Amino acid sequence: MTKKVYIRTFGCQMNQADTEIITALLQDEGYVMTGSEERADLVILNTCAVRENAVEKILHTLDHMKGKRRSRPGLLVGVIGCVPQYYREKMFGMADGIDFLAGPDTYRQLPAMIANAGQGIRGADFGFSSDETYCGIEPARSGTISAFIPVMRGCNNRCAFCVVPFTRGKERSRPFRSVLEDVGRLAASGYKEITLLGQNVNSYSDDEAACDFTELLDRVAVAAEGVRIRFTTSHPKDISESLVRVIAARNNICNAIHLPVQSGSTRMLKLMNRGHTREEYFEKIAMIRSAIPGVTVSTDLIAGFCGETLEDHQATLSMMEDVRFDFAYMFYYSVRPGTYAAKHLPDDVPEEEKKRRLEEIIALQGSISGERNAAEVGAVVEVLAESESKRSSEMLMGRTDTNRVVVFDRHGFEAGDLVKVRIRSSTPATLIGTPA
Ligand code: SAM
Ligand code: SF4
Ligand code: F3S
């Protein structure tokens, strides 16, 4: 009987949150989690399909597992999440040695699928559900300081480049009461930070309770006074003034907004089906900055989308110079079969050129992040310590409420402490300091 399970999680925070749900489901059935792949009877890969290289990583990992299976007969391998949902049964042919496949809405079936796999019966389930939110399952949390609460699943937008609507299905929200119950439990157990998750949190809606995301965030902040509240991701077309006012009004809602823009060119934004122009994005940024002094704004950018000219690329660079994002996640465009762009728009920027444009974007953002962080030198900031720093047990790593990473001298503090830190130096990615 398969007993010890190792889950390896790829992709976004949604997948990390799903792994905690799956862990709880399996533990309920008597499975034991192990942090060691070597000791596991069952390895589950919770996967991401957002870019081609994310899929390649999974195929590479499966290739590596093939060798393991030879030396450890009886080892089971399951692939779950966005990659199998995207490729469906075809996935069995993409790599050897897969015992079962499960999409993101089918995790309640996992214990049965694993039991079948143990008997040599290969299973696959890619069903979408219009209402599955895994409500009622208490996640097996992987941390004790910060926790995720998914408030919605799926996405109803149709950004031309994106697989997520195909892998995660239609939007659905968790009832606000169940979110508040989770928040209450986490606050009572001493968690210091809660992040509300959704692909587009602004479209959260509990119709029965007439509760939208603004109200949800407000209620969560009140229910967990003293706990830092974060949320991700907001969509620029949907983020509202009322939401921004709630962030400004509540001390414990972090002053950091992640607002993916993808491109600075209105022509590209239209082709991407993002639903807003360059100017409208600037207006949203101005609205956010005037309402929340000191707020940090981060973004996602894609270089080399279909038909992107040098002029469009320059528009992205000039937008970055105007907005001066605090940090950014930057990618080059990767065609995803089945999406609108793959079907209708030519992938006509050569790969070398996509990479060159991406390098330019990364270099510019590096210098902007560097300047923004340098401006913090000499300031005293409040840091929630998360862990020992990678380099030394004498240093702790944590974040400011504005989501800046700070590494500081330990001076007897522990992970979970809120520490006032005086910043003495900086790099583009990190502030370095000492308790004030
Ligand atoms: N829901 C969020 C949003 O609306 O921005 C995040 C979606 S996705 C999981 C995270 C980021 O991956 C996107 O913002 C985009 O920058 C990037 N991305 C998505 N599809 C991509 C593709 N085909 N090629 C390159 N980057 C992509
Ligand atoms: Fe993808 Fe757009 Fe939905 Fe974000 S909002 S998950 S980029 S389709
Ligand atoms: Fe990847 Fe799926 Fe998240 S495609 S980014 S793991 S929703």
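Mentor: Happy to! Buried area is the accessible area (1.4 Å probe) that two parts lose on being put together, summed over both. Domain 1 and domain 2 bury about 1,800 Å² in this sense, with 53% of it on carbon and sulfur atoms. This is a predicted model, where local features need pLDDT of at least 70, side-chain atom pairs count only at pLDDT 80 or more, and totals for chains, interfaces and linings use all residues. Side-chain values use heavy atoms, without hydrogens and water, and residues are numbered from 1 along each chain as its sequence is written.

Trainee: Which residues of domain 1 lose the most area to domain 2?

Mentor: Met14, Arg51 and Tyr86, which together make up 36% of what that side buries.

Trainee: What makes Arg172 and Asp105 a salt bridge?

Mentor: The term asks for a side-chain nitrogen of Lys or Arg within 4 Å of a carboxyl oxygen of Asp or Glu. The side chains of Arg172 and Asp105 meet at 3.0 Å, N to O, so the pair qualifies as a salt bridge.

Trainee: How many salt bridges are counted between domain 1 and domain 2?

Mentor: The count is four salt bridges.

Note on methods
Chains are lettered from A and ligands numbered from 1 in the order in which they are written.
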